[in-house]
Amino acid sequence: MAQTDVECKTRTNLVGVWFAVEADCQKAAIAQQPQAFAALKVERDAQAAQLAQQIAGLPRG
């Protein structure tokens, strides 16, 4: 049954279609509220930089 499911998803390109539709929805949401998403990006980038500093400070064994 699982093999049939995977074959169907491959044949119909489900993952590719799903990805394209999801990306379009996300782009539309960003276009509607660019400032909010820009602020989220700044926050995410700051968190990533802080994590990178913490990781760099870990002892290497």
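Figure 1. The 6 positive and 6 negative charges of the protein chain have mean positions 6 Å apart. Lys and Arg count as positive and Asp and Glu as negative, while His and the chain ends are not counted; each charge is placed at NZ of Lys, CZ of Arg, CG of Asp or CD of Glu. In this predicted model, local features need pLDDT of at least 70 and side-chain atom pairs count only at pLDDT 80 or more, whereas totals for chains, interfaces and linings use all residues. Residues are numbered from 1 along each chain as its sequence is written, and side-chain values use heavy atoms, with hydrogens and water left out.

**Figure 2. Helices and overall form of the protein chain.** The protein chain has three helices and zero strands (DSSP runs numbered from the N terminus: helices, H or I, at least four residues; strands, E, at least two). The radius of gyration, taken over C-alpha atoms, is 20 Å, well over the 10 Å that the globule rule (2.2 Å times the number of residues to the power 0.38) gives for 61 residues, so the protein chain is more spread out than a compact globule. Its C-alpha trace spans about 50 × 45 × 10 Å along the principal axes.

**Figure 3. Trp18 in helix α2.** Helix α2 comprises residues 14–32 and includes Trp18. Trp18 is exposed, with a relative accessible area of 58% (exposed, over 50%; buried, under 20%; partly exposed, in between; 1.4 Å probe, protein chains only). Of the 61 residues of the protein chain, 0% count as buried.
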